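Grab the viewer and work through these exercises one at a time. Try each task yourself before you read its solution.

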Amino acid sequence: MRYTITHRTLYQYSSGVALCHNEARLLPRETPWQLCRPSQTRIKPRPALSVERRDFFGNRILYFAIQDVHWRLEVTVATEVRVLDERPFDESSLSPPWEHACQMLREDPDPEIIEARLFGLDSPFVVVRPTFRDYAEPSFPPGRPLLEAVADLNQRIYREFKYDPHFTTVATPLDEVLRERRGVCQDFAHLAIACLRALGLAARYVSGYLETLPPPGQPRLVGADASHAWLAVYVPGAGWAEFDPTNNCMPKEKHVTLAWGRDYGDVAPLRGVMTGGGSHSLKVAVDVEPSPEPVKLKPS
Amino acid sequence: MIEAASLADPHVSSAPGDALLDDYPVPASGYDEMCAAPGVLRPHWRDLARFLGETGGEELERRHTEVQRLLQADGVTYNSYGDPHGAPWRWRVDPVPLLMTGEEWSVLAAGMEQRSRLLNALLADLYDQRLALRQGWLPPELIYAYPGFLHPCHRALPAGSRWLIFHGIDLARGPDGAFRVYGDRAQSPSGAGYTLENRIILARALPMLYRDAPLRRLASFLETERATLAKLARHHPENPHMVLLTPGPNSPVYFEHAYLANYLSLSLVEGEDLVVRDGRVWLKTLGGLRPVDVILRRVADAYCDPLELRGDSLLGVPGLLQAARGGHVALANALGSGFIENPGLAAFLPPLCRQLLGEDLKLPSLPTWWCGHPGDRSYVLANLERLVIRSILPNQPHWDGSRLDAAARAQLADRIQAAPHLYVGQETLPLSTAPVLEDGQLTPRPVMLRGFTVADGDGYRAMPGGLARVSSGLDTLQAAMQQGGISKDWWVLAPTPQKHVSLLRQSYGPIFVTRDGSDLPSRVADNLYWLGRYSERLDGTARLLREAFGRLLEWEQDNTDERCLDDLLDALDIPVPPVAESPRARFFSLRQALLALIVDADHADGLRIILDGMLRTGRAVRNHLGDDSWRLLNRLQQQIQEPPEGLGARQARELLEEDLMLIAGFCGLNNETMPHHQGWLFLDIGRYLERVLRTLDLFHLAFITARNPGVPLWEVVLTITDNLTAYRRRYRSALHPTAIIDLLLFDEDNPRSVGYQLRRLQRNIGRLQQPDHSPYRSAEERLILEALATLQLADIAALATLSQDSTRSSTELSRLLEAVEKPLLGLSDALTHSHFSHAEVPRQLIAMRP
């Protein structure tokens, strides 16, 4: 599938901001199944300085600083992407028994496996507790193939949790999400990650976008889409398999990848520190528009 | 006592000695630094032992007291966090140095230098290629679960840059005489400044010992430190602007930050003094922004940049890491280098050293087992009763297995099993002992050393000596010092006597003469201004109190008119006690109300709260005050913060008398020694603004709102302003309000008069540098002009009938006082806005705390 992703963020301040430093993770990363054309970035007011780099996880980061007094900050990034249908794993992929995967992760000296162990440890938003293990256990009977077990966990979260955008914020603890059985995509991804890590597996957080289809008979609404989040579990020696507990599926061509990390904290789309500003309001509009014309893309 | 090497059999003792050394109880087991066995002196201690013997215990104790006095006078402290009044611990130094031969030191130094190279190579690898991880030399859990590994610092240094510039190494000698490393310090490797101060103080207290001692001097090491820092600068290599970034006066080691900044000629700055613009770091000064080339960092790296590191940090500079990435500013140590403090690393260093350097590790660590490794974990769990268990997370307790009972050990084992990669087990070894002076006797006490290295050329250079401290062996420097630990001067012996040189009296390269003081950080100006205000407030309150106690005592003795006491209480802003049944009862209630201002630590208008403000601001500008001013401030602190028990009125008056002398000395010295540049101007403006406001208040009280107007009260006004003699000499008459008003309001040559004070404020405000170089008068210039003009244009004739209880005159005076006061009340805000307003604290766009 081909899409044009437009992500617009608008901050308005009650008093002038004299200086701000920002980091945007809004430039989609390339993957073997995702090709990106150069992004169009528009920042108003114009930054005095902007620099792109890769972070520790390989995500693309745009640092920018605005040094003149301003009352609003608008960041718009538009990117044309092509998402291929083939992924390393799908529902029928074979995988080792999950205990075997845990053991390989612990003991295999392969550098790639060693690197993946980072995603088995606690991270700021995902602190493992025994309750997560307890919740995961029914999906992980002895000897069950890893991907089958994770798909089951994915489905249970989808069925047993209510999608409720009014219940949680960025700061809602995972314990509460588990207790109340409700949350949003970010919470479900964190919960699944916590469950997998509690069992001794490695899992990472993936941020991105999802094409949403309008109700039958109605036109697409521009800007009505939202950022999305899901997770990937590491299959030692084979790679990362993605799961989307919010939609009970394995991401394919409708999921556009933006960045990944240990948890949300590593991939927050826009963060900044400012001097002044008083109180502020925030508006975010995301548009995932299927491209009518085939876009010519070259793999990088 | 005899020296070991002078005999065929080195362990034979004999010879009559002196009591001090003969009584030294050499421990039966373990390694003693001074004696190889009871009565057998190690040869390199010979000269020192002779000196100690000749001096004798009593005289040494006298010198010891002198050392403590000098330290206190210099304000050497180790602050503790969490103390509500922030009372700093006094630094304690033992007068007996710890000796080491040059030969032994060269071996140790080679080991320390290698360790610094190794850890620097490890940092360079972990923040880039991660070979150590990918090849399995270090387990990922030990790296990633340790909070000191900061992934935003990945590839954050330009290629070829050094991560580790300054390295502190905690060492101790075991029973076998071999040194082992107990810990590495890279965030803020404190101690070099204390080491230097110890040496300087001991040399002052024991001149005959230090003058010609054959010991390696420290100055050249600090010279290397300074040269290394300067070489880090990418811009202005000939005259780089270098700063020391401190968390501020609340840091336990703030004394050292101020001391080193002074010694190495660095600007002492806090995070809010710096700003990142155009990808560079700038210091906010009165004259505008000034580029910073090198930062000697004493703020833990995670707190240095709220944009990329800890978002809740108020100590950092937003955008600092990005500026470092661009190479425009160099930090020592680089952000991210705190990783090497990880206690689990010790278990992996020998193979790492072979892999990364191709060398064998010269200086071993304390035997350490990392519980994330199954084999090591079993060993630790099986040997809990003889190991110390540490968490690799910061601010966690450690557990001495030998002191736990079976139940506590089982609990600890469960803890380890639950998250084994977070724990290490360490062997406990008895530390070597060294003689410490206690009650005139030498007593063997366990010692730990902190050594230092600094990057030099392609390698590192070790400080010849360092900080020795009497220790339990488990504590960190911080723990030891907060518990009131004792430090020692660590000598490395040289073949011949060495000259004592101080870096303070040398200059570096070409001198760039600057004089206007416009490079003063705005925060420093702010603090100087408030230091001026607090010192005058302290003076004013102490004067009122002294007068009140004086009147109280006169009334008690001679039954004089005491009614003006009620007005004095008003002036001090304390409620007048209700009418008492007897004079005796009235005396006690008045006395108690007045004493509260001296004794109560929390009385909002009391001396102690005001002094707190003075100390807080004073500490923040520590290196802008002269040493003598600083000593007076320390005396003042002792005097005011520790009032004697059961204080009476007479004693209180004497105490206040002394306080006033000290305050006068402090202010006078500042006038005499501080260059009258921008910094001094702020101090003086603060002082005189406070004084003029207080004088106006006093006038209002005496002539407008007095409960008991009349001669006694007017006399009080003259005494408080120290003008009674001036009045008598000039007017040779009884007190007359018009004359008093002339003397204290209009006479512009009398430093106690409002007129003089306004003139002085006007002159100094006019000399302040305006940040925007505008040709127009600034807000503060307009305000002071308004106050002065109002006074000068006053109709003096209308005030002439004050004594006849004329309502007209008193209304006129009241109107005048208010008209003068009004612009002055806006002055403080105007100054803040024009000169200190850069101090707004940056904050996060979205709170990112999980």
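**Exercise 1. Find out how many residues of chain B are in contact with chain A, and what they are like.**

Start with the count: 28 residues of chain B are in contact with 27 residues of chain A, where contact means that the C-beta atoms, placed from the backbone, lie within 7 Å. Next, look at which elements of chain B supply at least two residues each: helix 4 (131-134), helix 5 (140-144), strand 12 (274-277) and strand 26 (843-844). (Helices are DSSP runs of H or I with at least four residues, strands are E runs of at least two, and both are numbered from the N terminus.) Helix 5 of chain B gives the largest share, 3 residues. Last, sort this side of chain B by class: 13 nonpolar, 7 polar and 8 charged residues. Here Ala, Val, Leu, Ile, Met, Phe, Trp, Tyr, Cys and Pro count as nonpolar, Asp, Glu, Lys and Arg as charged, and the others, Gly among them, as polar.

Before you go on, a word on the model: it is predicted, so local features need pLDDT of at least 70 and side-chain atom pairs count only at pLDDT 80 or more, while totals for chains, interfaces and linings use all residues. Residues are numbered from 1 along each chain as its sequence is written, and chains are lettered from A and ligands numbered from 1 in the order in which they are written.

**Exercise 2. Work out how helix 21 and helix 27 of chain B pack.**

Get the geometry first: helix 21 (678-703) and helix 27 (807-836) of chain B pack at about 155°, with axes 10 Å apart. (Axes are lines fitted to C-alpha atoms, for helices over the stretch in contact, and angles run from 0 to 180 degrees between N-to-C directions.) Helix 21 and helix 27 of chain B are therefore roughly antiparallel, the label for angles over 145 degrees. Then pick out the contact residues, including L689(B), L696(B) and F703(B) from helix 21 of chain B and L813(B), V820(B) and L827(B) from helix 27 of chain B. The contact divides into 11 nonpolar, 3 polar and 1 charged.

**Exercise 3. Trace the strand order of the open sheet of 3 strands in chain B.**

The order is 12-13-14, with antiparallel pairing; strands pair if DSSP finds at least two bridges between them. Strand 12 and strand 14 (288-291) of chain B are the edges, each pairing on one side only. Neighbouring strands of this sheet are turned by 45° against each other on average, direction ignored. Zoom in on strand 13 (280-285) and strand 14 of chain B, which pair over 4 bridges. To finish, find L283(B), which stands opposite R290(B) in strand 14 of chain B.

Terms used:
Two residues are in contact if their C-beta atoms, placed from the backbone, lie within 7 Å. Angles under 35 degrees count as roughly parallel, over 145 as roughly antiparallel, 65 to 115 as roughly perpendicular and the rest as oblique.
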